[in-house]
Amino acid sequence: MSNHQREIYHSENGDRWFLCRDDDSRVFVLHQANMSSGGAATKIEIGDFLGRGKAGPEHQALVRLIGDLVDTDSAGG
């Protein structure tokens with residue numbers, strides 16, 4: 001299974017977040033922990049990631065990306 005990924009944020013401590021789509025067209029956020037935290041990768045449903053009270057820089061980056069996509073789509077039409 002191949003994932004299509006776009007990095008949405010990376011923190012100073014090395015954590016990285018990606019917006020991903022798998023071969024079945026499911027969209028999710030992948031959190032890649034930094035190596036000192038074990039380096040584990042965790043899939044997070046979009047709704048859970050953007051759920052109430054989630055306002056960290058990684059969440060704000062995804063909201064900006066979504067806004068950019070809307071702006072880009074609107075410019076063409």
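Analyst: Happy to. Let us start with Asp15, which touches Tyr9, His10, His31, Gln32, Ala33 and Asn34, leaving out residues up to four places away in sequence; contact here means heavy atoms within 4.5 Å. Before going further, please note that this is a predicted model, in which local features need pLDDT of at least 70 and side-chain atom pairs count only at pLDDT 80 or more, while totals for chains, interfaces and linings use all residues. Residues are numbered from 1 along each chain as its sequence is written, and side-chain values use heavy atoms, with hydrogens and water left out.

Where does Asp15 sit? Its place is the loop between strand E1 (4–10) and strand E2 (16–21). Helices (H or I, at least four residues) and strands (E, at least two) are DSSP runs, numbered from the N terminus. E1 and E2 form a hairpin with five residues between them, and Gly14 in the turn has a positive phi of about 100°. The two strands pair in the antiparallel sense over six bridges, where pairing requires at least two DSSP bridges between the strands. As one example of the pairing, Gln5 has Cys20 in E2 as its bridge partner.

Asp15 is buried yet has no salt bridge, and Arg16, the nearest side chain of opposite charge, is 9.4 Å away. Buried means under 20% relative accessible area, with exposed over 50% and partly exposed in between (1.4 Å probe, protein chains only). A salt bridge would need a side-chain nitrogen of Lys or Arg within 4 Å of a carboxyl oxygen of Asp or Glu; for charge, Lys and Arg count as positive and Asp and Glu as negative, while His and the chain ends are not counted.

His10, another neighbour of Asp15, lies in strand E1. Its contacts beyond four places in sequence are Asp15 and Arg16, and its side chain makes a polar contact of 2.8 Å with the side chain of Glu7. His10 and Ala61 are 51 residues apart in sequence, with 9.8 Å between their C-alpha atoms.

Stepping back to the rest of the chain, the elements run β-β-β-β-α-α from the N terminus on. Ser25, in the loop between E2 and strand E3 (27–32), is a residue other than glycine with a positive phi, near 70°. Val29 is in strand E3 and counts as buried because its relative accessibility is 0%. Val29 also belongs to the largest nonpolar core, together with Ile8, Trp17, Leu19, Phe49, Leu62 and Leu65. Such a core is a set of buried Ala, Val, Leu, Ile, Met, Phe, Trp, Tyr and Cys residues joined through side-chain atoms within 4.5 Å. E2 and helix H2 (57–75) are the elements that give two or more residues to this core. In the chain as a whole, buried residues make up 30% of the 77 residues.

Key:
Polar contact = N/O pair within 3.5 Å; in protein donor to acceptor, adjacent residues only side chain to side chain.
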